[in-house]
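Hi everyone, thanks for coming. Have a look at the sequence and the model on the screen, and then I'll walk you through them.

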Amino acid sequence: MTTPKTFGQQLGRRSWAEPWKIKMVEPLTMTERPQREAALTAAGYNTFLLRSRDVYIDLLTDSGTSAMSDRQWAGMMLGDEAYAGSENYYHLEAAVQQYYGYKYLVPTHQGRGAEHLISRSAIKPGQYVPGNMYFTTTRLHQEMAGGIFVDVIGDVAHDPQDRSPFKGDIDISKLDALVAKEGAAKIAYISLAATVNMAGGQPVSMANVKALRAWCDTHGVKLYLDATRAVENAYFIQEREEGYADWGVADILRDFCGYTDGAWMSAKKDSLVNIGGWVAVNEWELFEEMRNLVVVFEGLHTYGGLAGRDMEAMAIGIKESVQDAYIRARIGQVRYLGMLLEEWGIPMMEPVGGHAIFLDARRFYPQLTQDDFPAQTLAAELYLDSGIRAMERGIVSAGRDPKTGDHHRPKLELTRLTIPRRVYTQAHMDVVAESVKAVFDARERVRGLTMTYEPKYLRFFQARFEPKA
Ligand code: F0G
């Protein structure tokens with residue numbers, strides 16, 4: 001028998017805890033296995049189709065699932081719901097300018113609203129959009145605007161066992177190859193995500209964004225950032241990159257963004273709100289085009305599909321999100337779960353990233369081929385075991401090639417346990433780890449799934465499956 005160690009002891013130092021306490025609680029539902037079997041069958045073995053009342057610990061996503069602070073809730077009461085010129089818009093604009101550093105802001109209802117505006121405004125049909133791995137909605141908006149996505153992330157990102165510190169970095173030689181083949185004029189812009197969601201929440205280094213800036217200046221190409229989890233990215237730079245240990249996360253964020261020409265944002269992640277997003281750029285002409293389009297698709301340019309109170313909560317959330325003690329606890333909790341799983345030899349994406357643990361379904365279920373949907377299967381098995389809800393990030397999420405109609409076949413076949421911000425406790429993480437272990441121990445009897453219904457766009461949200469006999 002070994003003596004159990006606290007988190008701090010395992011790391012060889014004194015423990016620390018979240019810099020907040022709980023003021024209001026929301027009861028959870030616990031279910032029995034027969035109930036879960038019925039619920040999962042009704043949901044077509046797709047965790048997106050479960051009712052949340054049938055879920056115990058909800059790790060589907062970190063998007064819009066954060067707990068807001070008392071300050072943010074107080075801000076909700078200060079909503080200025082004027083159709084035009086809401087005071088809260090100006091608070092949001094000031095927060096984005098101060099912490100992200102961009103000049104011109106267009107609010108949107110969430111990230112994909114912003115992706116729609118920037119893709120439509122900055123891509124000419126037939127142009128290439130190189131990016132550090134794809135994100136589902138990002139790539140779809142780029143393709144719907146006539147763009148052709150090219151993956152230029154370093155090869156290490158596709159290897160779940162490679163422990164490089166900055167697996168989100170773009171491989172500049174891949175950009176050079178694209179320019180040599182197609183010419184710089186055929187590149188709409190570089191689409192840089194920090195961190196990289198589909199690669200396991202892996203960060204991009206400051207060195208890489210600096211090198212990209214220089215490359216873009218040489219070739220006359222723009223560099224736009226998916227800033228959805230850029231605060232988490234800044235934390236990894238502080239922790240891992242030489243020269244940044246003494247910088248605050250807020251200063252790293254601002255410096256990082258300074259190398260880019262603009263950004264789009266799903267504020268439902270880093271910014272600790274349940275809804276909201278924006279796109280912000282430094283170039284007036286592009287801003288003007290997007291400010292024009294937002295009126296057509298989202299709402300007036302001073303609310304972009306949001307209530308005034310939502311913009312206030314976002315402005316406050318931005319300030320809270322860059323506090324060093326907060327972000328350390330946020331990533332520390334994800335890492336705690338990762339440490340437990342690592343101790344038990346559970347195959348997962350390494351090193352553990354910012355917002356989630358990504359279980360490696362290929363190594364979990366070596367008996368399955370990718371056509372058996374291993375990551376979807378693993379999400380289903382976890383739900384059946386304990387009522388924990390995870391998400392597939394493999395062949396189902398990757399969708400089909402718009403030209404050939406074949407499945408995209410991503411190297412990574414992952415099941416994501418996404419940790420909402422400020423919501424669950426360390427004891428919840430213990431329960432999650434134990435459930436993953438139980439599913440791992442029962443892995444040999446698993447046969448995989450067949451897809452019985454496939455929607456045309458973003459199929460992972462609504463596809464249906466049945467277990468193979
Ligand atoms: N970019 C990234 C990196 C994202 O992770 C998301 C959403 C978006 C853009 C789109 O933003 O949802 O506000 O429209 N990711 C969620 C997730 C859905 O679960 O990872 P949105």
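I'll start with the ligand, then turn to the aromatic rings, and end with some backbone details.

First, some ground rules: this is a predicted model, so local features need pLDDT of at least 70 and side-chain atom pairs count only at pLDDT 80 or more, while totals for chains, interfaces and linings use all residues. Residues are numbered from 1 along each chain as its sequence is written, and side-chain values use heavy atoms, with hydrogens and water left out.

Okay, the ligand. How many residues surround the ligand? There are 18, and the closest are Thr61, Arg112, Asp226, Ser266 and Lys269.

Now zoom in on the polar contacts, meaning pairs of N or O atoms within 3.5 Å. Arg112 has a side-chain N or O atom 2.6 Å from an oxygen atom of the ligand. Asp226 puts a polar side-chain atom 2.6 Å from a ligand nitrogen, and a polar side-chain atom of Ser266 is 2.6 Å from a ligand oxygen. As for cover, the ligand taken alone exposes 470 Å², and the protein buries 95% of that; these areas come from the Shrake-Rupley method with a 1.4 Å probe.

Which elements give two or more residues to the shell? Those are helix H5 (111-122) and helix H6 (136-144), and H5 gives the most, with 3 residues. When I say helix or strand, I mean DSSP runs numbered from the N terminus: H or I with at least four residues for helices, E with at least two for strands. The shell also draws at least three residues from each of domain 1 (7-62 + 324-467) and domain 2 (70-321), with bounds from an automatic or database domain assignment.

Let's go back to Arg112, which sits in helix H5. Arg112 is partly exposed, because its relative accessibility is 34%. The cut-offs are under 20% for buried, over 50% for exposed and partly exposed in between, with a 1.4 Å probe and protein chains only. Arg112 is also 153 residues from Met265 in sequence, yet their C-alpha atoms are 8.5 Å apart in space.

Next, the rings. The structure holds 15 aromatic pairs. Rings of Phe, Tyr and Trp (its six-membered ring) pair if their centres lie within 6.5 Å; planes under 30 degrees apart are stacked, over 60 edge-to-face, and the rest tilted. Tyr189 and Tyr224 have ring centres 5.1 Å apart and planes at 70 degrees, so they are edge-to-face. That pair links distant parts of the chain, 35 residues apart: Tyr189 is in the loop between helix H7 (172-182) and strand E4 (190-193), and Tyr224 is in strand E5 (residues 223-226). Tyr189 is buried at 0%, and Tyr224 is buried at 3%.

Finally, the backbone. The peptide bond from Ala194 to Thr195 is cis, with omega near -5 degrees. Another cis bond runs from Glu350 to Pro351, with omega near -10 degrees. And Arg422, a residue other than glycine, has a positive phi near 60 degrees.

Note on methods
A residue is near a molecule or strand if one of its heavy atoms lies within 4 Å of it. A polar contact is a pair of N or O atoms within 3.5 Å; within protein, one must be able to donate a hydrogen and the other to accept it, and residues adjacent in sequence count only if both atoms are side-chain atoms.
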